[in-house]
Each structure stands twice: as structure tokens, then as C-alpha cells.
Amino acid sequence: MSFRATFATALRVLNQLRRDPRTLALLLFVPLALVFLLEQLFADRRQVFQQIGGPLLGLFPLIAMFLVTSITMLRERVSGTLERLMALPLAKFDILAGYGLAFALVAALQATLVSIVAFGFLGLHTQGPSWAVVLLAISNAILGMSLGLFVSAFARTEFQAIQFMPAFILPQILLCGLFTPRSQMAGWMRALSDVLPFTYAYDALHRATALGTFDGRFALDVSITLGVTVLALALGASTLRRRTG
Amino acid sequence: MSAATSIVVDNLRIRRGGVIVLDDLSLSVASGRVTGLLGPSGSGKTTLMRAIVGVQIVESGAITVLGEPAGTPLLRWKVGYMTQNPAVYGDLTVRENLRYFARILNTGPENVEEVLETVDMTAFGDRVVNRLSGGQRARVSLATALIGDPQLLVLDEPTVGLDPVLRRDLWKAFNDLAAQGKTLLVSSHVMDEADHCHDLLLLREGKLVATGTPADVRAQSGKQDLDEAFLVLINEEIE
């Protein structure tokens with residue numbers, strides 16, 4: 001692996017985004033519109049907005065980066081550029097790290113913008129500091145990126161890749177504890193939510209925003225999120241084959 | 001291995017999707033020359049080239065490239081590869097594409113400009129690749145193979161779909177590169193291009209039908225026209 005090749009890849013991915021201003025605008029401004037919609041929806045029930053606003057802020061980048069990465073990586077596989085890269089002095093890790101670096105930057109921008117709007121203009125209050133939400137959002141974005149990278153290996157077309165969003169992400173949003181506390185879930189649902197990474201990403205956000213407690217359980221949540229990220233990256237790397245049949 | 005050989009293929013067998021594409025193939029490619037890999041579509045040209053650059057799963061046999069087993073990491077610095085379908089980023093400009101390859105290969109922007117000149121694309125350097133014609137896109141893909149001044153160039157149908165003037169210019173560029181000591185392996189399914197090559201490898205259904213200079217192939221077959229020569233040699237092979 002080399003820093004040069006990693007930076008070159010990150011720069012290339014950012015250039016691709018820059019050349020696609022519509023996607024970039026959607027990435028940065030859709031979350032703002034959504035958080036505004038959420039605030040308006042609960043205009044007369046402020047406590048609901050206060051309760052779910054923070055965690056949602058931290059989950060937007062995860063969903064966005066999952067989608068963007070799975071499509072971009074699928075394109076690399078289908079268009080032949082991945083095969084071309086494999087004939088170059090570039091380690092698989094350079095490709096993954098390059099993507100990670102580029103998308104973490106975009107996620108940071110996205111999370112910062114949506115935080116400014118939510119905390120600054122919409123009156124969102126959290127127990128913990130707002131920068132904790134931004135940091136968690138970035139780490140979640142990298143989780144989303146690594147999951148997207150991995151599932152891109154199982155899609156043949158962009159249609160399939162898009163369908164992985166409802167298949168992989170929606171059940172996790174339903175079961176992570178955002179809509180119903182996990183303690184109130186039926187046993188099998190709770191068991192399922194125990195093994196889904198979103199559960200821990202959400203729990204960390206919940207602790208940082210609603211409770212403001214950065215305790216051992218918070219540390220465990222973050223460790224599990226990071227662990228799953230590394231695991232998904234390793235699995236994703238194993239689907240990037242230098243030689244194919 | 002003699003010093004004048006860049007590629008040696010020994011008893012190569014490759015299976016793709018359960019079908020044997022190359023069977024017991026042995027050949028060599030001389031250094032500092034343009035070798036044409038000719039044969040109809042589906043004859044195994046692309047598979048052989050993929051194996052030489054180390055991205056193809058090989059069932060058995062050995063390939064030595066510049067004295068190292070094919071696929072050795074060091075070779076990725078020394079071998080330029082142009083894929084059959086342009087493998088470039090359509091949403092980037094020509095220069096952005098080439099600078100990415102140049103950064104990976106640790107060469108500067110002046111190398112990008114040199115290469116743009118070679119493929120006659122300087123005027124289109126700041127155009128987004130998706131807005132270019134098919135032939136222009138192919139030239140960008142060729143340009144990526146030339147970045148980093150590689151010793152060996154493996155070019156998969158670089159002249160397909162290009163106009164005759166441009167084809168002639170590219171073949172001249174290939175010959176100039178060979179004159180500078182580079183080795184080129186260039187595939188084509190158009191026999192007319194054989195005369196631009198120093199050496200020929202005629203491939204059909206995964207087997208080598210003929211090798212030698214264009215003059216050798218003419219002598220072996222007794223035909224002046226290389227298309228006819230190929231037909232005669234295939235028929236001899238079948239009988």
C-alpha cells in the first residue's frame with residue numbers, strides 16, 4: 001500500500017463527484033430538507049423532534065454513503081476500470097482507503113451542514129455536545145461506505161444495487177430502536193436487532209444525544225460499529241480480485 | 001531465456017466458464033519489436049493478453065514477462081495495458097483520467113502531456129470522456145497504457161474503429177516506440193494491420209496457427225495477401 005496511490009484514488013473519487021454537481025447537491029442538501037420536514041412534522045410535539053432528530057442526523061450519511069459507494073464500486077466492476085486498476089501498482093487497500101478518505105470528507109461536510117441547520121436554526125437540543133453527533137455521523141458514513149462496498153460485489157446491475165438499500169438498510173432502521181425501544185420488541189426481533197450493526201450505531205447516537213452519557217456502553221457501541229466497518233472492508237477487499245476467470 | 005525475449009508462454013491452458021479458451025499454448029515475443037496478435041473474434045487474444053498482464057486466472061502452464069512470472073507486483077510498473085473496451089472514467093476529463101494513472105505510476109504532469117501528444121488528443125485534454133466519440137475514447141484508453149513509460153505494452157485492439165489516417169499515425173507511433181527499445185504486443189482482428197508488425201502470431205480457437213514475420217507467413221502459405229495466407233494456414237491446420 002502507498003499513501004500516493006491512496007491519495008490519488010481519493011482525489012479521483014472527489015473529482016468524479018465534483019464533475020457530477022447534481023449528485024453532490026443532492027448529497028448535501030436533501031438531508032437539510034428532510035430535517036426541516038421532520039421539524040415541521042412535529043411542530044406541536046417538540047419532544048419527538050428532540051428525541052429522534054439527533055440520531056437521524058447521525059444516520060443520514062450512513063444511508064447516503066451506502067448508496068453512493070455501492071453504485072460507484074459497481075460501475076468500477078462493470079466498466080472494466082477495476083480490472084484496469086488491478087494491472088497497476090496499486091494495492092486493494094489503496095482503492096478502499098482512497099474511497100474511504102473521499103467519502104469521509106463528503107460525510108463530514110454533509111454532517112456539518114445538517115448539524116448547523118438542525119442545531120443552529122431548528123432549535124435541536126442534545127444532552128451531549130453537537131460535535132459528538134458530527135463525529136458519530138462520520139464514523140457511520142464510513143460504516144455505510146464499507147457495507148456498500150461489500151454488497152456491490154453481489155449486484156450485477158445498478159437496479160440491483162439500489163434495491164440493496166431497502167433490503168439491507170430499511171430493516172435495520174426499523175429494528176435499531178429508533179421507532180420502538182428494543183426492550184419492547186418481541187424476543188426474535190430483539191435477537192435480530194442484536195446482530196445488526198445499525199443497532200449499535202443508533203445506540204451510540206441515542207446515548208450522545210438523549211442521555212449525554214459517554215459510558216462503557218457508549219464505548220462498546222462505538223467499538224462494535226468500528227469493528228463491523230473493518231470486517232465489512234476486509235470482506236469487501238476479498239471481493240476485489242486481482243485475477244478473474 | 002534469451003535477452004531478446006520479453007514474453008515467454010509455456011504450455012498455457014486457460015478455462016473460462018468451463019470452456020477451454022487456450023490449450024497448451026506456447027509462444028514467445030521478441031524485445032524491441034511490434035508483435036501482432038491476430039485472429040478472429042473469440043480466438044483467445046484478449047484472454048492471452050489478460051494472462052500476460054496478470055489479471056486472468058490460469059489453469060496450468062507458465063508465462064514469463066521481462067524475466068519475471070506474469071502477475072508479479074514489480075511488473076505492474078513495467079507493463080502498460082490497454083483493455084479492449086475503454087477502461088477510463090467517463091465522468092472525468094481526459095487529463096483528470098491520465099493524471100490519476102500518472103499519480104499511481106509516480107510520474108509527473110509532463111508525462112501526461114507527452115502521452116496526449118502521442119495519441120493526438122492534446123486538443124481534447126479538458127473534455128469530459130463521456131462527451132467524446134468512441135474512437136477518441138479508445139485513444140484515451142491507449143494513453144493510459146503509455147503513462148509511466150512502460151517497457152512492455154500490451155494493447156488489445158487499439159486501432160479498431162479509428163479512421164485510416166489515425167490508424168496509420170498510431171502504427172507509426174508503435175514502431176517509433178519499438179525503435180526506442182520498447183516491446184509491443186498488439187492485437188487485431190483485421191489482417192490488413194499485419195503488415196505494420198515486425199512479427200505475427202496468428203491465433204485461432206485458442207491455438208497458434210502461424211508465427212513469423214509477415215514475409216515468413218507469406219512464404220509458408222504461398223500467398224501474397226495475408227487474409228488468404230491465413231485461410232491457407234488454417235486449412236492446413238485442419239487437414
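This is a predicted model: local features need pLDDT of at least 70, side-chain atom pairs count only at pLDDT 80 or more; totals for chains, interfaces and linings use all residues.
In strand β4(B), the residue that bridges to V9(B) is I63(B), and that bridge belongs to the antiparallel pairing of β1 (residues 5-16) with β4 (residues 60-65) of chain B, which spans 5 bridges.

Residues are numbered from 1 along each chain as its sequence is written, and chains are lettered from A and ligands numbered from 1 in the order in which they are written.

The pairing I began with sits in an open antiparallel sheet of 4 strands in chain B, in the order β2-β1-β4-β5, where β2 (19-30) and β5 (68-69) are the edge strands, each pairing on one side only.

Now to β9 of chain B, residues 199-204, which is largely enclosed by the rest of the structure because 5 of its 6 residues are buried, meaning that 20 or more other C-beta atoms, placed from the backbone, lie within 10 Å of the residue's own. Strand β3 (residues 34-38) of chain B runs parallel to β9(B) and is joined to it by 4 bridges, with T35(B) partnered by D199(B). With β10 (residues 207-212) of chain B, β9(B) pairs in the antiparallel sense over 5 bridges, and L203(B) has L208(B) as its bridge partner.

Terms used. Two strands pair if DSSP finds at least two bridges between them. Helices (H or I, at least four residues) and strands (E, at least two) are DSSP runs, numbered from the N terminus. A residue is buried if 20 or more other C-beta atoms lie within 10 Å of its own, exposed if 12 or fewer, and partly exposed in between; C-beta atoms are placed from the backbone.
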